[in-house]
Structures are given as structure tokens and as C-alpha cells.
Amino acid sequence: MELEEEIARLRQEVARLETRVAELDHLAHSDSLVDLPNRRGLDRALEAAIAANERHGVGAALLYVDVDNLKMINDGFGHGAGDAALIHVARRLVEGTRPGDTVARLGGDEFVVLLTHVDAEDACASAQRLVDEIAGDGLIHEGQPVPLSVAIGIAPIEKGDRPNEALARADAAMYAKKRAA
């Protein structure tokens with residue numbers, strides 16, 4: 001009987017430790033403000049998308065999203081409004097993409113959307129739709145309307161890509177959009 005009790009106790013302890021490891025993994029790969037994957041979490045998804053592109057030709061693209069004028073929002077409405085703006089944009093990005101896509105926050109005012117099973121044309125259409133939805137969807141914080149807009153750069157995943165290369169292309173495309181506006 002003692003052996004069975006010890007085995008049961010050890011199984012409970014293993015289950016508790018597995019739960020704790022899963023919790024720590026979530027913390028390590030998630031952004032605490034918006035509860036989205038962080039850069040580490042994005043890298044996992046991006047590596048999988050690059051591998052699927054290499055092996056099976058599955059199209060994918062990165063959308064590099066920059067929230068416009070976040071400093072102005074923080075300065076004019078307070079940091080609570082800035083946080084509310086980031087949470088609002090995160091929610092709109094998640095709602096505006098498919099369940100298999102990945103929305104991540106890199107930090108500050110920058111997000112990345114990894115679209116899978118898309119070509120360049122689909123990625124452009126998705127980016128424009130997200131820009132329009134965020135700009136057309138007003139945020140009210142403490143009774144005050146907070147103007148929101150985003151700039152989005154697009155980088156299709158290419159054969160031989162590395163996560164940093166694809167992100168750099170998407171980031172450069174986003175800055176090109178900002179300069180052209």
C-alpha cells in the first residue's frame with residue numbers, strides 16, 4: 001500500500017510541475033499588457049511558417065503594424081489611454097484575422113501579424129482592411145475620443161528566409177508606408 005501511495009503522490013507532483021512549466025512557458029512567450037505572443041512567441045510561429053513554406057510551398061506573409069502617434073496619445077490623454085489604445089489595437093488585429101494567424105506584440109507600439117496560407121495579394125488586402133478598420137473604429141477612454149491609426153508594412157515569406165530577415169523586410173516596408181503618408 002505504501003508504494004501505491006508514493007506512486008500516486010509522485011504522479012500528483014509531476015502533474016503540478018507540468019502545469020507550472022506550462023504557466024512559465026506562457027509567461028516567457030507572452031506580452032503581459034495585451035495577452036498576445038511576444039517576440040519569442042512570434043519566433044516560434046514564424047519558424048513554423050517558414051518551414052511550411054520551404055517544405056510544402058505554403059504561402060505566408062508578415063504584417064508589421066506600428067500604432068501612429070502613441071507618444072502623442074500618452075502625452076495628451078495619459079499613459080492609461082496609451083495602454084487602452086494598445087489593448088484596443090491588439091483586439092482589433094485579433095478580431096480582423098483568422099484563428100490560424102498569429103498576432104504578436106513586439107513591444108512599445110509595434111505589433112506583427114503572421115498570415116498563413118496567403119499570397120502577396122491576399123496579404124495586401126488584409127493589411128488595408130486592418131488599417132481601415134482600426135482608423136474607423138473609435139476608441140473612447142474615460143469619455144474622451146482617442147484617435148487611432150496604424151501603418152502596416154508587408155513582407156511575404158520567401159524561400160530561405162530567416163525570422164530576422166522577414167521581420168526586417170516587413171519593418172522596412174512599414175517605414176516606407178509612413179514616409180509616403
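The structure is a predicted model in which local features require pLDDT of at least 70 and side-chain atom pairs count only at pLDDT 80 or more, while totals for chains, interfaces and linings use all residues. Residues are numbered from 1 along each chain as its sequence is written, and side-chain values use heavy atoms, with hydrogens and water left out.

Helices (H or I, at least four residues) and strands (E, at least two) are taken as DSSP runs and numbered from the N terminus. Two strands are said to pair if DSSP finds at least two bridges between them. In general, the strands of a sheet pair through backbone hydrogen bonds, either parallel or antiparallel. In this model, four strands form an open sheet in the order S4-S5-S3-S8, and the pairing is antiparallel. Strand S4 (102-107) and strand S8 (150-156) each have a single partner strand and stand at the edges, so one side of each is left without a neighbour in the sheet. From one strand to the next, the twist averages 20°.

The pairings can be followed across the sheet in turn. S4 and S5 run antiparallel and are joined by five bridges; within this pair, Ala-104 has Val-112 of S5 as its bridge partner. The two strands form a hairpin with two residues between them, and Gly-108 in the turn has a positive phi of about 55°. Strand S5 (residues 110-116) is also joined to strand S3 (residues 60-67), again in the antiparallel sense, by seven bridges. Here Val-65 stands opposite Phe-111 in S5. S3 pairs in turn with S8, antiparallel and over seven bridges, with Leu-62 opposite Ala-155 in S8. S8 is mostly covered, since five of its seven residues are buried, where buried means under 20% relative accessible area, exposed over 50% and partly exposed in between (1.4 Å probe, protein chains only).

Helix H6 (residues 163-180) lies across S3, S4, S5 and S8 and runs at about 140° to S8. Axes are lines fitted to C-alpha atoms, for helices over the stretch in contact, and angles run from 0 to 180 degrees between N-to-C directions. H6 also packs against helix H2 (residues 39-56) at an angle of about 105°, with the axes 10 Å apart. This angle makes H2 roughly perpendicular to H6, given that angles under 35 degrees count as roughly parallel, over 145 as roughly antiparallel, 65 to 115 as roughly perpendicular and the rest as oblique. The contact (heavy atoms within 4.5 Å) is made by Arg-39, Leu-42, Asp-43, Leu-46, Glu-47 and Ile-50 of H2 together with Pro-163, Asn-164 and Leu-167 of H6. These residues comprise five nonpolar, one polar and three charged; Ala, Val, Leu, Ile, Met, Phe, Trp, Tyr, Cys and Pro count as nonpolar, Asp, Glu, Lys and Arg as charged, and the others, Gly among them, as polar.

Two further helix pairs involve H4. The axes of helix H3 (residues 70-77) and H4 come within 6 Å and cross at roughly 140°; H3 and H4 are therefore oblique to each other. Leu-70, Ile-73, Asn-74 and Phe-77 of H3 meet His-79, Ala-81, Gly-82, Ala-85 and Leu-86 of H4, a contact with six nonpolar, three polar and no charged residues. Helix H4 (residues 79-95) also packs against helix H5 (residues 120-136) at about 140°, with the axes 10 Å apart, and this makes H4 oblique to H5. The contact is formed by Val-89, Arg-92 and Leu-93 of H4 and by Leu-130, Glu-133 and Ile-134 of H5. Four of the contact residues are nonpolar, none polar and two charged.

His-141 belongs to strand S6 (residues 139-141). Not counting residues up to four places away in sequence, His-141 touches Gly-80, Ala-81, Ala-84 and Val-146. His-141 and Glu-5 are separated by 136 residues in sequence and by 56 Å in space, C-alpha to C-alpha.
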